Amino acid sequence: MRRYGKNPDEDDIRQRPNPKGNRPRTNIRPKHEDASEGMVLTVDRGRLTCLVEDRVVLAMKARELGRKAAVVGDQVFLVGDLSGKKDTLARIVRIEKRRSVLRRTADDDDPYERVVVANADQLAVVTALADPEPRPRLIDRCLVAAYDGGLDPLLVLTKSDLASPDELLDTYRALGIRYVVTRRDELASGHAADLVREYLDGRVTAFVGHSGVGKTTLVNALVPDDRHRITGAVNAVTGRGRHTTTSALALPLAKGDGWVIDTPGLRSFGLHHVDPSRVILAFPDLMPGTEGCPRACSHDEPDCALDAWVAEGHADPARLYSLRRLLATRERREGD
């Protein structure tokens, strides 16, 4: 039986020149000059919710992007149905170069790097002063990830009515990190959000913290009422909070110009991806002292030139101690 009718020379007959019988591949990719720019708000099982102008659009990643994945905060270009109507699906065809990135691994032995948030300006590390107890090693790890990814750190300490913040603040004072201290009643009334908001206006801020510290409650107070997320309580037996946030989500500030990105509660924060030599970049006051260091100096070894340089009075010894404490975080577990 003829497949193509009476005329076998028709122009619409598909030619298959290769022996495998499939269509020849091409490296030519569509340019999509008419693509519209948007921002990724959240990612869920291969579907990405994006903001395009004032519309929320559901999209999927184009095949030509290969394994390159888009994450919350990415600036992307989309084609297809951008109406945002129900049951419509657009296509992400391009991802802009990221100006910052927050990354983590499951633990220090895991080589698989996970990008949590892209293009954030700062990282708000939320920790309770009690119930649950603060975990300084986890805070250190978040700070290293922030410095490595190009984000400014911000400490948000909650539940100060249960414990004094002085001891914890003394630990980080030499780092010069900005901080906000709040009480439980301020968290419930929304006053805590007012205290934090002045650090967020005009910026994209990613919020991290282990479960039960009040992170999502704080985020809810900062965003419009119709964007609230479910919150949880601390388990009275284990002293740990329940995971109520299961995926990162970017939300606009209710007052002011800025974005907050709520991330899932942390149980660990691996730093396998971090090159320790980059941590020194967060200490510009110590950088001149590294000129006499041996090649590939880790700045935490006997021959490091920083010891003599700091001893001569060029910098505060507490700053060198802080640097080395952060460099040592990969050698310690979060619970230590």
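Reader: Is R45 buried, partly exposed or exposed?
Author: This is a predicted model, in which local features need pLDDT of at least 70 and side-chain atom pairs pLDDT 80 or more, while totals for chains, interfaces and linings use all residues. Residues are numbered from 1 along each chain as its sequence is written, and side-chain values use heavy atoms, leaving out hydrogens and water. Buried means under 20% relative accessible area, exposed over 50% and partly exposed in between (1.4 Å probe, protein chains only). R45 has 77% relative accessibility, so R45 counts as exposed.

Reader: Where is R45 found, and what is its phi near?
Author: R45 lies in the loop between β1 (36-44) and β2 (47-52); strands (E, at least two residues) and helices (H or I, at least four) are DSSP runs, numbered from the N terminus. Most residues other than glycine have a negative phi. R45 is not a glycine, yet its phi is positive, near 50°.

Reader: Why does C293 form no disulfide, and how many disulfides does the structure hold?
Author: A disulfide is a pair of cysteine sulfur atoms within 2.5 Å. The closest cysteine sulfur to that of C293 is in C304, 3.8 Å away, so the two are too far apart for a bond. C293 is also buried, at 14% relative accessibility. The number of disulfides in the structure is zero.
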